[in-house]
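Please look at the sequence and the model first, and then read the short report that follows.

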Amino acid sequence: MKSAVTAEEIRELLKQLEQTNSTETTTDQMAVAIQAIELVESNFTLKQRVISLLEAVETELFKELLDHPVANILVAAFKGCSKP
């Protein structure tokens, strides 16, 4: 299932970012989210897969698939990318 693979790829990216960044506070979470967004945006294929996933599944399901403290921030940002 492509959605699970894409979500896993984002989760792994977030785990890597957590190794050098805290996610304890909202500010910390936003900083990690910004880094993740920048990395996704720099990878056209991954960005397209994330947008396609968001268009295919409910927002809450995508957040559950990510299962990460910054999921809300990422989903909001990626939803903004999918709007014309």
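A crossing of two helices is called left-handed if the near helix is turned anticlockwise from the far one by less than a right angle, and right-handed if clockwise. The model is predicted, so local features need pLDDT of at least 70 and side-chain atom pairs count only at pLDDT 80 or more, whereas totals for chains, interfaces and linings use all residues. Residues are numbered from 1 along each chain as its sequence is written, and side-chain values use heavy atoms, with hydrogens and water left out.

Helices here are DSSP runs of H or I with at least four residues, numbered from the N terminus. The crossing of H1 and H2 is right-handed. On the H1 side the contact (heavy atoms within 4.5 Å) involves Ile10, Leu13, Leu14 and Leu17, while H2 contributes Val32, Gln35, Ala36, Leu39 and Val40.

Helix H4 spans residues 59–66 and includes Leu66, and Glu60 also lies in H4. Relative accessible area, found with a 1.4 Å probe on protein chains only, makes a residue buried under 20%, exposed over 50% and partly exposed in between. Leu66 is therefore buried, at 0%, while Glu60 is partly exposed, at 48%. Leaving aside neighbours within four places in sequence, Leu66 touches Ala7, Ile10, Arg11, Ala71, Leu74 and Val75.

The table lists two pairs of residues with their separations.

| Pair | Apart in sequence | C-alpha to C-alpha |
|---|---|---|
| Leu66 and Leu14 | 52 residues | 9.2 Å |
| Glu60 and Ala71 | 11 residues | 9.6 Å |

Note on methods. Helices (H or I, at least four residues) and strands (E, at least two) are DSSP runs, numbered from the N terminus.
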